[in-house]
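I opened a new page for this structure and jotted down what I looked up. Here is what I want to keep.

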Amino acid sequence: MACEKLLNEIPLTDGAEGYAIQVLRATKLWQQAGAYYVRIHGMNRQHRIPLEREFDEHDGPDTRYLVLLDQDYPVGTCRLFPVAADAMEIGRVVVLENYRGRGLGKLLIREAEKWIAELGYSRVILESRDVAVSFYEKLGYLVIGDPVQGETFLCVPMEKKLG
């Protein structure tokens, strides 16, 4: 898989020689398929979320996707979509189970924030699962509302101003 918009390579902490995670801005359909693969395995398979709920109205032509690759194998993803003139939302942040605990979620959020800033937006909105609020707080996000029970998870609205 040729990565046209390869941003960087981040070595993992397991010390394997030549082992690095690549960050891909998935702008083509075949690249976005990697994002869908991770979401199917990380959400549909693990949490039994039906595909018709996992893939919704925000998976459209204005949606952007980041994909983390381990030697061309998709292992993490998130999606970005505009929600206001000055804000984009980060959603569907997923890292495959075997790759968790290695800083890849943080990498996804940092790369998403960079891309959002490059696109000219000044705020990031997200809905964190209640169990992940402290993760996002460590990255500078603030709770901006009361928790809301979604179809699958209890979600907490959060926001971060960029720059």
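My entries below go from the overall layout to the cores, the charged pairs and the rings.

**Ground rules**

I am looking at a predicted model, where local features need pLDDT of at least 70 and side-chain atom pairs count only at pLDDT 80 or more, while totals for chains, interfaces and linings use all residues. Residues are numbered from 1 along each chain as its sequence is written, and side-chain values use heavy atoms, with hydrogens and water left out.

**Layout**

I started with the secondary structure and found four helices and nine strands in the protein chain. Helices (H or I, at least four residues) and strands (E, at least two) are DSSP runs, numbered from the N terminus. Reading from the N terminus, I get the order β-β-α-α-β-β-β-α-β-α-β-β-β.

Next I looked up burial: 44% of the 163 residues of the protein chain count as buried. My cut-offs are under 20% relative accessible area for buried, over 50% for exposed and partly exposed in between, with a 1.4 Å probe and protein chains only. The protein chain exposes about 8,700 Å², and carbon and sulfur atoms supply 50% of that area. Accessible areas come from the Shrake-Rupley method with a 1.4 Å probe, and for residues only the protein chains shown count as cover.

I also checked contacts (heavy atoms within 4.5 Å). Among those in the protein chain with a separation of 6 or more, 58% join residues 24 or more positions apart.

**Cores**

Which residues have the most contacts inside the largest nonpolar core? I noted Leu68, Leu80, Ile90, Leu104, Ile116 and Tyr141, in a core of 31 residues. A nonpolar core here is a set of buried Ala, Val, Leu, Ile, Met, Phe, Trp, Tyr and Cys residues joined through side-chain atoms within 4.5 Å. The elements giving two or more residues to this core are β2, β3 (64-70), β4 (73-84), β5 (87-95), α3, β6, α4 (133-138) and β9. Helix α3 gives the most, with seven residues.

I then picked Leu80 and skipped its neighbours within four places in sequence. Its remaining contacts include Met88, Ile90, Ala112, Trp115 and Ile116. There is also a second, separate core of six residues, with Ala35, Tyr65, Val67 and Leu69 among them.

**Charged pairs**

Side chains of opposite charge can pair when their charged atoms come close. My search of the whole structure for salt bridges (a side-chain nitrogen of Lys or Arg within 4 Å of a carboxyl oxygen of Asp or Glu) turned up seven.

Glu118 and Arg25 form one of them, at 2.8 Å from N to O. Glu118 sits in helix α3 (residues 104-118) and Arg25 in strand β2 (residues 20-26), so this bridge ties together parts that are 93 residues apart in sequence. Glu118 is exposed at 55% relative accessible area, whereas Arg25 is buried at 10%.

Lys114 and Glu111 make another, at 3.3 Å from N to O. Both belong to helix α3 and are three residues apart, about one turn of the helix. I have Lys114 down as partly exposed at 44% and Glu111 as buried at 3%.

Arg123 and Glu159 bridge as well, with their closest N and O atoms 2.7 Å apart. This pair links distant parts of the chain, from Arg123 in strand β6 (residues 123-129) to Glu159 in strand β9 (residues 154-161), 36 residues apart. Glu159 is buried, at 15% relative accessibility. I also found that a network of salt bridges links Asp86, Arg123, Glu159 and Lys161.

**Rings**

How many aromatic pairs does the structure hold? I noted four. Rings of Phe, Tyr and Trp (its six-membered ring) pair if their centres lie within 6.5 Å; planes under 30 degrees apart count as stacked, over 60 as edge-to-face and the rest as tilted.

The ring centres of Tyr37 and Tyr73 are 5.8 Å apart with planes at 70°, so I call that pair edge-to-face. Tyr37 lies in helix α1 (residues 29-47) and Tyr73 in strand β4, so the pair ties together parts 36 residues apart in sequence. Tyr37 is partly exposed at 28%, and Tyr73 is partly exposed at 35%.

Phe135 and Tyr136 are also edge-to-face, 4.9 Å centre to centre with 80° between the planes. Phe135 is partly exposed at 28%, but Tyr136 is buried at 8%. Last entry: Phe135, Tyr136 and Tyr141 form one aromatic cluster.
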